[in-house]
Amino acid sequence: MYNETFLRRAIEISTQALDTPGTEPFGAVIVKDGKIVGEGINRSVMNHDPTSHGETEAIRDACRNLETVDLRGCDLYSSCEPCALCVAAMNIAGIAALYFAADMAQAGDAIADLPEAARFPVDVERLTHECGLAVADRIMPAEQHLDAEATKILHDWACHARSQA
């Protein structure tokens, strides 16, 4: 259930980008049972990591704090509508609900005229389109090789994991 306090906290986190070099104004919090269990701000430049978005940082923080990779039952509040990368991470982690402030169009309008030196360009529409396609249908060329070897390791790992469960 939506709680304005948590969305305001995500927006508050995003303001850190005004004074913290290497960050961008995309903040997020993860909430479980009415308590914040993880927070994050976009640190892509600071961390030299293109996946270091506010939402992924909040997911990482929540997972460390809860000592799990299972965030089912948690909600994510973000200062901005998450990109496809973050939505994928949210789904993998099991986030139950998303609440956000600025949408993708509002964010795009706000940063549209930034020079590349100020912000690495990301084609959000292409990212969203590509993520919804099968590998063979994507714009980025992709080829499969050595599948038998990789699949054997997956089967071996699964067998080991079953025996440990």
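These legends describe close-up views of a predicted model.

Local features need pLDDT of at least 70 and side-chain atom pairs count only at pLDDT 80 or more, while totals for chains, interfaces and linings use all residues. Residues are numbered from 1 along each chain as its sequence is written, and side-chain values use heavy atoms, with hydrogens and water left out.

View 1. Asn65 sits in helix 3, residues 54–66. Helices (H or I, at least four residues) and strands (E, at least two) are DSSP runs, numbered from the N terminus. Leaving aside neighbours within four places in sequence, Asn65 is in contact (heavy atoms within 4.5 Å) with Val37 and Gly38. The Asn65 side chain reaches the backbone oxygen of Val37 at 2.8 Å. Asp19 is 46 residues from Asn65 in sequence and 26 Å away in space, C-alpha to C-alpha.

**View 2. The largest pocket.** This pocket has a volume of about 820 Å³. Of its 30 lining residues, the closest to the centre are His53, Arg119, Phe120, Pro121 and Val122. On a 1 Å grid over the protein atoms alone, a pocket is an open set of points where a 1.4 Å probe fits, with protein on both sides within 12 Å along at least five of seven lines; lining residues have an atom within 4 Å of a point. Grid points are joined across faces, edges and corners, and the volume is the space filled by probe spheres set on them. Helix 5 gives the most to the lining, with four residues. By class, the lining has 18 nonpolar, seven polar and five charged residues. Ala, Val, Leu, Ile, Met, Phe, Trp, Tyr, Cys and Pro count as nonpolar, Asp, Glu, Lys and Arg as charged, and the others, Gly among them, as polar.

**View 3. The second largest pocket.** About 210 Å³ of space lies here. Among the lining residues are Asp123, Arg126, Glu130 and Arg138. The lining has six nonpolar, no polar and four charged residues.

**View 4. An aromatic pair, Tyr2 and Tyr99.** The whole structure holds four aromatic pairs (ring centres of Phe, Tyr or Trp, its six-membered ring, within 6.5 Å). Tyr2 and Tyr99 form a tilted one: 5.7 Å centre to centre, 55° between the planes. Planes under 30 degrees apart count as stacked, over 60 as edge-to-face and the rest as tilted. The pair links Tyr2, in the segment before helix 1 (4–14), to Tyr99 in strand 4 (residues 97–102), 97 residues apart. Tyr2 counts as partly exposed because its relative accessibility is 42%; Tyr99 counts as buried because its value is 19%. Buried means under 20% relative accessible area, exposed over 50%, partly exposed in between (1.4 Å probe, protein chains only). Ring pairs link Tyr2, Phe6, Tyr77 and Tyr99 into a cluster.

Note on methods
A polar contact is a pair of N or O atoms within 3.5 Å; within protein, one must be able to donate a hydrogen and the other to accept it, and residues adjacent in sequence count only if both atoms are side-chain atoms.
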